[in-house]
Structures are given as C-alpha cells and as structure tokens.
Amino acid sequence: MTRTGRFVTTAVAGEIARAFIPPSLPPTPSIDVIGLLTRLSVAERALGRLDGITVLLPSQELFLYMYVRKEAVLSSQIEGTQSTLSDLLRYETEAQVGQPIDDIREVSNYVDAMMFGLERLRGDPAFPLSLRLIRDMHAHLLESGRGESKAPGEFRRVQNWIGGTRPGNALFVPPPVPAMMECLNDLELFLHEESSGLPPLIKAGLIHVQFETIHPFLDGNGRIGRLLVTLYLCDKDVIRKPLLYLSLFLKARRSEYYRLLQEVRERGAWEAWLEFFLDGVAETANQAFDAAGRMVALFRHDRETISEDSDRAGSALRVHDLLQQNPFATAASLVKQTGLTTPTVNAALSELERLGIVEEVTGRRRGRVFAYRRYLAILNEGTDPIAAD
C-alpha cells in the first residue's frame with residue numbers, strides 16, 4: 001500500500017464506479033515532520049496561549065458555552081444550513097423568529113452531539129475515543145430534523161458518493177462497505193497507537209482526513225470529522241478545555257480545504273494538507289484568544305458603567321450577569337432566572353437600555369426580546385451564512 005491507496009470497482013445505483021480505499025495510518029513513506037516543525041511550534045504556542053487565558057476568564061464555562069455554539073453554527077453552515085448564531089441563541093431562549101426551524105434544529109443537535117462526546121470523554125469512568133463513541137455522537141447529531149431518516153448512530157450499509165449527480169460522475173467515491181469497516185477498525189487503532197511518535201497535532205490532522213475519506217455515515221460526516229479534531233486533542237490533554245474549533249477557518253477557505261483533501265487521496269500530499277491544517281490551528285486559536293480578551297474587557301467596562309451610572313445597580317447587575325450567559329433575553333425569562341419581580345426586571349432592562357448596553361429587537365409591546373448587542377457582535381464574527389455559489 002502506498003500513500004495514495006487504491007481504487008476498486010463497485011456497483012452503485014445501477015452503474016459501475018471506482019471507489020477509493022485509503023491506506024492505513026500513519027502514511028508510508030512517513031510524514032516529513034522536520035519540514036513542519038516551524039508551523040507546528042507556532043500552532044502549539046497559540047494553543048497554549050488560548051488554554052492559559054481560560055484560567056483568567058471570570059467564567060470558563062460561559063466562554064465554552066458560547067464558543068461551542070459558534071462552532072456548531074459554522075460547521076453546520078459548511079454543510080449548507082443558513083442559520084446564524086443569533087438564530088440559535090434566540091431559539092434556545094424560545095424567542096426565535098425568521099429562520100427555518102429545521103436549520104436551527106440541526107445546529108442545536110450539533111451542540112448536543114458535541115457536548116455528549118466531551119462529557120463521555122471526561123466522565124467518571126471516562127469513555128474511550130472509539131468507534132462506539134463516534135456512533136453515539138452521530139445519533140445525537142441526526143436525532144431530529146432533516147437527518148433523522150439517514151440512519152442516526154449507524155455506519156452506512158450502502159455505497160455513497162461525494163459530488164456529481166450520480167456515482168459515474170462523482171468527485172469522489174468512498175470505500176465500499178466491507179472495506180469501510182476495515183478502514184474504520186484501522187483508524188480506531190491509530191487513535192490510540194504511540195509507536196509512530198507523531199506529535200498529537202500532526203495525528204489530529206491525519207485523523208480528520210482519514211475519517212473524511214472513509215465517509216462512514218449517510219449524512220453528517222463533515223461535522224463529526226471536524227469535531228474529531230477537538231475530541232482527540234482533549235483526549236491527549238493537548239488542551240484542557242475544548243476551545244479549538246476549525247470551522248471558521250475551513251468555512252473561509254473551503255475551496256482550498258476540499259482541494260487539499262482530494263490531493264491527499266490522489267497524490268498522497270499529506271505535508272501540504274498538514275501545513276494548511278497547522279496554519280488553521282494557529283489562526284483559530286489566536287482568534288479565540290483575542291475574542292476572549294475582548295469579552296472580558298466588555299463585561300468589565302459594562303459592569304463599571306452600571307455601578308457608576310445607574311440608580312438600580314443591584315438589579316441591573318444581576319440582569320447583566322444573565323445576559324452574559326445568553327445575550328438574548330425576555331423579561332419573563334429573567335424573572336424566572338433571577339427571582340426578581342416583573343416590575344424590577346422591567347426597570348433594570350430599561351436602565352440597561354438607557355446605558356446603551358441592551359437593545360430591544362422586536363419592536364413589540366408584548367413578548368419583547370432584549371439583545372446584548374456588543375457581546376453579540378464579538379460572538380457573531382465570521383458567522384454570516386455562506387452565499388450560494
């Protein structure tokens with residue numbers, strides 16, 4: 001077996017297609033790690049800096065909560081949904097409007113799948129990163145909505161293909177089912193082997209491409225494949241908190257991303273892919289570090305403004321705390337969460353509106369929704385839906 005694997009003929013939908021079977025990992029000839037050392041060092045430093053700032057955040061869980069949701073939106077957008085982060089957050093506060101409910105549900109399912117995988121990985125007892133865990137996450141991903149008819153939690157039992165209108169003109173045909181299971185078993189072994197001596201970041205990049213090439217599900221392969229990167233790095237304690245998500249980088253460069261995946265399959269061009277991957281890790285980690293710093297500064301500035309300029313500082317600060325957990329809120333939800341009276345909450349919202357911290361976004365008199373606009377602006381960076389080609 002070479003780096004490029006092999007093709008086999010297979011019958012699909014009444015015609016013959018050439019399906020690709022990738023070689024086992026690690027690649028042979030071995031990866032030129034020396035040529036990647038500079039990029040690897042930059043990526044590792046960026047990850048270390050991001051991991052370090054979480055200790056300084058007033059609420060690590062809050063940052064994680066929002067960052068996971070941002071990744072869910074971006075990863076789903078790559079697959080074609082049109083929902084934004086604001087749509088998801090409003091949906092979660094039962095204040096949704098506008099977007100197709102199936103789009104929002106798909107993003108919400110991605111959040112569920114992600115959190116399920118992370119909780120099992122760090123549980124007591126811990127569940128190993130395995131094919132079983134991958135299937136269980138997939139079941140959460142396609143639990144409802146448009147994917148529920150695509151065998152949630154089950155590896156495919158039929159041949160699939162990528163691109164084109166039929167197998168004969170497809171861009172890529174993954175392994176037939178028997179070979180697919182062999183490839184998956186080999187991938188599971190690679191998740192846990194240590195004899196290659198490859199750095200975890202390099203292995204994460206290899207694992208992602210191999211999973212995408214095997215394409216073991218009828219739907220959701222891209223989303224699970226991107227999630228695997230972060231799960232693997234958490235499993236190897238490269239990052240303590242699951243804050244590395246590559247979808248913003250891949251969304252912005254999706255043509256190059258797809259080209260490099262195909263070049264690995266066709267020419268064994270692993271080093272070119274890994275250069276791209278490591279650049280993405282560094283850029284993504286630096287963006288998250290910058291966003292975390294700006295969030296902390298915004299929260300501090302607004303708390304100081306409330307304390308200095310408000311006659312209702314106590315109740316306004318309590319409402320501000322909750323708006324950090326979700327930047328959309330209704331008076332009814334705030335009454336329930338704070339235990340304050342309706343008049344007190346309404347007065348606090350009016351005060352925050354006067355100070356320019358929140359804005360009412362519906363224009364209605366009843367069922368009004370308030371948004372923490374400057375916080376949303378940081379969260380929403382890069383999350384506009386992908387324009388149709």
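Does Asp237 count as buried or exposed, and at what relative accessibility? Asp237 counts as exposed because its relative accessibility is 61%, where exposed means over 50% relative accessible area, buried under 20% and partly exposed in between, with a 1.4 Å probe and protein chains only. The model is predicted, so local features need pLDDT of at least 70 and side-chain atom pairs count only at pLDDT 80 or more, whereas totals for chains, interfaces and linings use all residues. Residues are numbered from 1 along each chain as its sequence is written, and side-chain values use heavy atoms, with hydrogens and water left out.

**Figure 1. The whole chain, with its 15 helices and five strands.** Helices (H or I, at least four residues) and strands (E, at least two) are DSSP runs, numbered from the N terminus. Of the 389 residues in the chain, 54% count as buried. The chain exposes about 17,100 Å², of which carbon and sulfur atoms supply 50%, the areas coming from the Shrake-Rupley method with a 1.4 Å probe and, for residues, only the protein chains shown counting as cover. Among contacts with a separation of 6 or more, 67% are accounted for by residues 24 or more positions apart, a contact meaning heavy atoms within 4.5 Å.

**Figure 2. The hairpin of β1 and β2.** Strand β1 (residues 6-12) and strand β2 (residues 15-21) run antiparallel and are joined by seven bridges; strands are taken to pair if DSSP finds at least two bridges between them. Within this pairing, Val8 stands opposite Ala19 in β2. Two residues lie between the strands, and Ala13 takes a positive phi near 50° in this hairpin.

**Figure 3. Two cis peptide bonds, at Pro26 and at Pro29.** The bond from Leu25 to Pro26 is cis, with omega near 0°, and the bond from Thr28 to Pro29 is likewise cis, with omega near 0°. Pro26 is found in the loop between β2 and α1 (37-56), and the loop between β2 and α1 also holds Pro29. As background, most peptide bonds are trans.

**Figure 4. The packing of helix α7 against helix α10.** Helix α7 (residues 200-214) and helix α10 (residues 254-267) pack at an angle of about 80°, with their axes 11 Å apart; axes are lines fitted to C-alpha atoms, for helices over the stretch in contact, and angles run from 0 to 180 degrees between N-to-C directions. The two helices α7 and α10 are therefore roughly perpendicular to each other, a term used for angles of 65 to 115 degrees. The contact is made by His208, Val209, Glu212 and Thr213 of α7 and by Tyr257, Leu261, Val264 and Arg265 of α10. By class, the contact of α7 with α10 has four nonpolar, two polar and two charged residues, where Ala, Val, Leu, Ile, Met, Phe, Trp, Tyr, Cys and Pro count as nonpolar, Asp, Glu, Lys and Arg as charged, and the others, Gly among them, as polar.

**Figure 5. Positive phi at His215 and at Asp237.** His215, a residue other than glycine, has a positive phi near 50° and is found in the loop between α7 and α8 (221-235); at 14% relative accessibility, His215 counts as buried. Asp237 has a positive phi of about 60° although it is not a glycine, and its place is in the loop between α8 and α9 (247-252).

**Figure 6. An open sheet of three strands in the order β3-β5-β4, with antiparallel pairing.** The edge strands, β3 (328-330) and β4 (359-360), each pair on one side only. β3 pairs with strand β5 (residues 369-371) in the antiparallel sense over three bridges, and Thr330 stands opposite Val369 in β5.

Note on methods: Parallel < 35°, antiparallel > 145°, perpendicular 65-115°, else oblique.
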